[in-house]
Amino acid sequence: MPEPEGEPEGAPPPAPHPRPPHRRGAPLDAPAVRRWCALALDALGRAREDIDAINVYPVADGDTGTNLYLTVESAAQAVEAVFAAHETGATVPALPDAVRAMAHGALIGARGNSGTILAQLLRGMAQVLTAPREEAHAAYADGPLLAEALRRAADSAYGAVAHPVEGTVLTVATAAADGAHSAVRAGAADCAAVARAAHTAALAALGETPRHLAVLARAGVVDAGGRGFVTVLHTLVEALTGEPPARPAPRPAGVLPTAPCASQPSAPSAPSAEGAGEGDPGGPAYEVIYLLDADDAAVARLRRRLDALGDSLVVVGGDGLWNVHVHVDDAGAAVEAGIEAGRPHRVRITHFGAAPAPRPDTAQPPRERAPRAVVAVVPGEGLAELYAQSGATAVHARAGEPPASGELAEAIRRAYAHEVVLLPNDPELRHTAAAAAEQARGDGIRVALIPTRSAVQGIAALAVHESGRRFDEDVVAMTSAAGTTRHGEIVVAERQSWTTAGVCQAGDVLGLVDGDVAVIGTDLADTARTVLDRMLSAGGEMVTLVLDDEVPERVAGLLERHVRTRHLAVDTVVYRGGRQGSPMLIGVE
């Protein structure tokens, strides 16, 4: 289906004059949601550092821009997955499918206080845009419906925050909803006009945030979360019209041209409703975030429990899946409260005081960058420890939860080296790793991406890594070692399916060689022996076995004896990978 705003091939470029105010933009349909997510991700990627730099509330930890980027990246990936599922057909997803995916992706990928609130804003919009409507109008949303969605977004975000504070993204979101409804009352019927009005009102409210929060006025900045939300609205206008709003987005750094509030009497400090203020040295020490499977009644009890434990409490979601964010001194108690309420998973705990800035009178020399580092994605805790012992920065990828490009880019920065070798160790992460490398290069870091397809190829590459030789030589050697390592995997089929080796049933043991199913069996050890024989039929000098913690030790012994007796002069090395998502990884060098 052609894009609503597309031009015929070979058509002359559009005239440079502004679009007439009466011209309608594209409808808010599924392709528009897809464009919106892509544009928002790109815009937040460019603004990330600027937003991080003005992050002074609720905690001056300089990560609001990064958290918003990672949240939107998860939303965009979910929308792309919906479109990918329709690639073989002649139709595109329906609007409810796209916005539902966007909201769900943001929910499961939300980071930090700002990202969690943004996830609830998107969920509030989705609740309106996915409500049953007449079939003739279900494929798109008009201006009044978009205004209603923005109102629900603001209201639901306020409801998700334990103690709302004005002068934050909540204020900006409410202003956006007010602006949208004012446009509808003035006769606006299409989404473009409503989105423009929402963006204009949000931008004005953003400029007023220092009048609500003294900490912003003292720093001479606007609210970082609000700045990010205005960026998201800015890209919504662009997705609907094909053009950015006529009025420019906020100043890139978020710093006010003048500081009118600074000369006025300071407003009383806001209570620690969304977190400790910049000047609150006694604020909680930890940020705790987790996804939670629980019912509504259990979540209501959890809110009361966490509210008593700390501050900056935001609980978003519904329908059995929630994202919980809180700042506490006792991180263990916050997690235990989640266990009592349901099943917490994807638990993240950040210590705010992990790297305090030195006092000016006790300044320490800046940390020197290492000449070179290796960053690798690994599927289990055991492998993460193995890679770390070899000097690599490991990014743990849980089963079904691949890292986003922002996470990989942060890991590259955290390695703090002039040159970095990136090992994705998964063919599905090729594009994600490439995006992360590009982000890091923008920071002046020289990054080489070696397209490793398995953790065993990464082990082979790491074994020949030498930081003392020239970067290009090191990359060539590591690439060669990875490329000459065949990789296999033993997995258990979850359902009946067609494979390159025939039809498998749920519970069958599958042996994969270089990514393709080569063996279908019923016994783990027998299937692994068959896979080893096939992989070693073309020769080999070393076998690497990485076993999940649940695989019995006797299986490792059986396989080692099999290689020793059937394949002379081939060495075997066995590692424990932790809970790595599959029973066994196999490498043959």
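Modeller: Let's start with an open sheet of 4 strands, ordered β6-β5-β7-β8 and paired in parallel. Strands here are DSSP E runs of at least two residues, helices are H or I runs of at least four, and both are numbered from the N terminus; two strands pair if DSSP finds at least two bridges between them. At the edges stand β6 (393-396) and β8 (446-449), each with a single partner strand, so one side of each has no neighbour in the sheet. From one strand to the next, the twist averages 20°. Zooming in, β5 (residues 370-378) pairs with β6 in the parallel sense over 4 bridges, and A376 has A394 in β6 as its bridge partner.

Before going on, a caveat: this is a predicted model, so local features need pLDDT of at least 70 and side-chain atom pairs count only at pLDDT 80 or more, while totals for chains, interfaces and linings use all residues. Numbering runs from 1 along each chain as its sequence is written, and side-chain values use heavy atoms, with hydrogens and water left out.

There is also an antiparallel open sheet, with 4 strands in the order β2-β3-β1-β4. Here β2 (310-318) and β4 (343-351) hold the edges with a single partner strand each, so one side of each is left without a neighbour in the sheet. Neighbouring strands are turned by 10° against each other on average, direction ignored. β2 and β3 (residues 321-328) run antiparallel and are joined by 7 bridges, with G318 standing opposite L321 in β3.

Now for what covers that sheet. Helix α3 (residues 95-109) packs on the sheet and touches β1 (286-293), β2, β3 and β4, its direction making about 35° with that of β3. (Contact means heavy atoms within 4.5 Å; axes are lines fitted to C-alpha atoms, for helices over the stretch in contact, and angles run from 0 to 180 degrees between N-to-C directions.) Helix α11 (residues 331-341) lies across β1, β3 and β4, running at about 10° to β1.

Among the residues in contact are W36, L39 and L44 of α1 and R227, V232 and L236 of α9. By class, this contact splits into 13 nonpolar, 3 polar and 3 charged residues, where Ala, Val, Leu, Ile, Met, Phe, Trp, Tyr, Cys and Pro are nonpolar, Asp, Glu, Lys and Arg charged, and the others, Gly among them, polar.

For α2 (residues 64-85) and α4 (residues 112-129), the axes come within 7 Å and cross at roughly 35°, again right-handed. T64, N67, L68, T71 and V72 of α2 meet G112, S114, G115 and L118 of α4, which makes 3 nonpolar, 6 polar and no charged residues.

Last, some side-chain detail. R369 lies over the face of Y416, 4.3 Å from the ring centre, and the charged end of R34 sits over the ring of F83, 4.3 Å from its centre. The rule wants NZ of Lys or CZ of Arg within 6 Å of the ring centre and within 35 degrees of the ring normal.

Terms used. A crossing is left-handed if the near helix is turned anticlockwise from the far one by less than a right angle, and right-handed if clockwise.
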